[in-house]
Amino acid sequence: LLLATAPTALCSSLRVPRAMAQTSRAPRHVGVLSVSTEAAFASSLQGLREGLKARGHVEGGDIVIDLRYAGGRAQELPRLAAELATLQPALIVATGAAATAAALAATTDVPVVALGDLVAAGHAVQLSRPGGRVTGVSFLPAPLNAKRLELLAAVLPKGGAVLNLADPNSVVGTESVEAAGRSLGLVLHAAYATTPAQIDAAFASARRLRVAGVNVLNSPFLSLHHGRIIALAAEARLPAIYQWPESARDGGLMGYGPSLSGMFRQLAGYASRLLAGARAADLPIEQPTRIELSINLKTAKALGLALPESLRLRADEVIE
């Protein structure tokens with residue numbers, strides 16, 4: 001009896017590792033390309049990781065996340081994208097138009113999950129059917145830039161002057177902002193920055209022009225340096241509004257836009273579908289699920305501002 005059952009038991013014990021070997025596979029690489037720094041990208045990366053984990057992906061198990069940061073130097077993006085390409089990633093997550101363009105140029109068949117105004121940048125044909133290798137989340141920054149100006153005007157003197165701080169490398173036009181300024185009766189000035197020194201120069205210009213407030217327009221570069229901008233606005237005693245609600249939590253007066261971590265959780269959904277075999281061309285580009293207004297009352301008090309009650313009631317988050 002022992003001799004009859006032993007071979008069966010032995011074969012059974014041998015079959016388990018063979019089955020495991022048949023179903024196991026090497027982890028797939030998910031590249032991430034950003035013009036930002038590691039520290040500034042932390043909350044975005046957390047959202048991406050949370051979104052992937054919620055969809056059953058295990059970092060170090062079925063996926064490996066390969067990170068490349070340009071540290072604010074957009075000229076580094078092509079080199080970093082080429083590094084990612086050598087890893088043969090299943091997909092690349094790219095933030096902003098410059099990173100998306102670099103990822104596309106570095107590869108010929110790798111799908112790109114991108115964040116930005118994808119149609120305006122020429123990376124997708126239309127939202128409902130992108131038609132190429134790029135899909136992701138488009139937050140249509142032009143109307144948000146104009147809406148921020150409207151919110152800022154609520155705390156400024158009527159007919160006051162506003163400095164629109166912009167990035168000339170951004171694909172976002174200023175026409176909607178200028179139209180909003182005219183309808184609000186504001187005097188608009190523009191300053192452009194692609195380096196920290198130019199951000200400093202913009203605030204020196206704001207003092208000379210005696211503007212009443214600053215509208216920080218959408219830009220990955222300006223988002224990277226939002227801490228510097230917040231400090232300069234406080235030093236100049238100027239109310240300012242920023243492109244992400246997280247900026248108010250970091251000391252800015254107001255932030256209006258989609259949550260960065262929330263959008264990266266959305267991007268994780270695209271990454272998961274691509275890993276499962278979907279084609280980027282067939283995945284409709286989504287918009288953010290929620291737009292938030294955050295107000296920092298401590299900053300308002302430091303600036304000597306009495307915020308209208310109507311503005312406070314509109315806020316999704318009021319930071320005491």
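Guide: Helices here are DSSP runs of H or I with at least four residues, strands are E runs of at least two, and both are numbered from the N terminus. The model is predicted. In those terms, Glu59 is found in the loop between H2 and strand E2 (63-69).

Visitor: Why is Glu59 called partly exposed?

Guide: Its relative accessible area is 39%. Buried means under 20%, and exposed means over 50%. The value for Glu59 falls in between, so the residue is partly exposed.

Visitor: What is Glu59 in contact with, leaving aside its neighbours within four places in sequence?

Guide: Arg49 and Ile65. Contact means heavy atoms within 4.5 Å. As for Arg28, its C-alpha atom is separated from that of Glu59 by 9.7 Å, and the two residues are 31 apart along the chain.

Visitor: Which residues meet in H2 and H11?

Guide: From H2, they include Ser43, Gly47, Leu48 and Glu50. From H11, they include Phe264, Arg265, Ala268 and Ala271. The residues of this contact divide into six nonpolar, five polar and two charged.

Visitor: How do H7 and H9 pack?

Guide: H7 (residues 196-209) and H9 (residues 226-236) pack at about 25°, with axes 11 Å apart. Angles under 35 degrees count as roughly parallel, so H7 is roughly parallel to H9. H7 passes H9 in a right-handed crossing. Among the contact residues are Ile199 and Phe203 of H7, and Ile229 and Leu232 of H9. This contact divides into seven nonpolar, no polar and four charged residues.

Visitor: Which residues of H6 are buried?

Guide: Val177, Ala180 and Gly181, within a helix spanning residues 175-184.

Visitor: How do you know that the buried residues line one face of H6?

Guide: Look down the axis of H6: they fall within an arc of 100°, so they line one face. An α-helix has 3.6 residues a turn, so residues three or four places apart point the same way. The buried residues of H6 pack against helix H5 (141-153) and strands E6 (161-166), E7 (187-192) and E8 (213-216).

Visitor: What lies on the other side of H6?

Guide: Glu175, Arg182 and Ser183, which are exposed. H6 is followed by Gly185, whose phi is positive, near 75°.

Methods. Residues are numbered from 1 along each chain as its sequence is written. This is a predicted model: local features need pLDDT of at least 70, side-chain atom pairs count only at pLDDT 80 or more; totals for chains, interfaces and linings use all residues. Side-chain values use heavy atoms; hydrogens and water are left out. Buried means under 20% relative accessible area, exposed over 50%, partly exposed in between (1.4 Å probe, protein chains only). The arc is that of the directions from the helix axis to the C-beta atoms. Ala, Val, Leu, Ile, Met, Phe, Trp, Tyr, Cys and Pro count as nonpolar, Asp, Glu, Lys and Arg as charged, and the others, Gly among them, as polar. Axes are lines fitted to C-alpha atoms, for helices over the stretch in contact, and angles run from 0 to 180 degrees between N-to-C directions. Angles under 35 degrees count as roughly parallel, over 145 as roughly antiparallel, 65 to 115 as roughly perpendicular and the rest as oblique. A crossing is left-handed if the near helix is turned anticlockwise from the far one by less than a right angle, and right-handed if clockwise.
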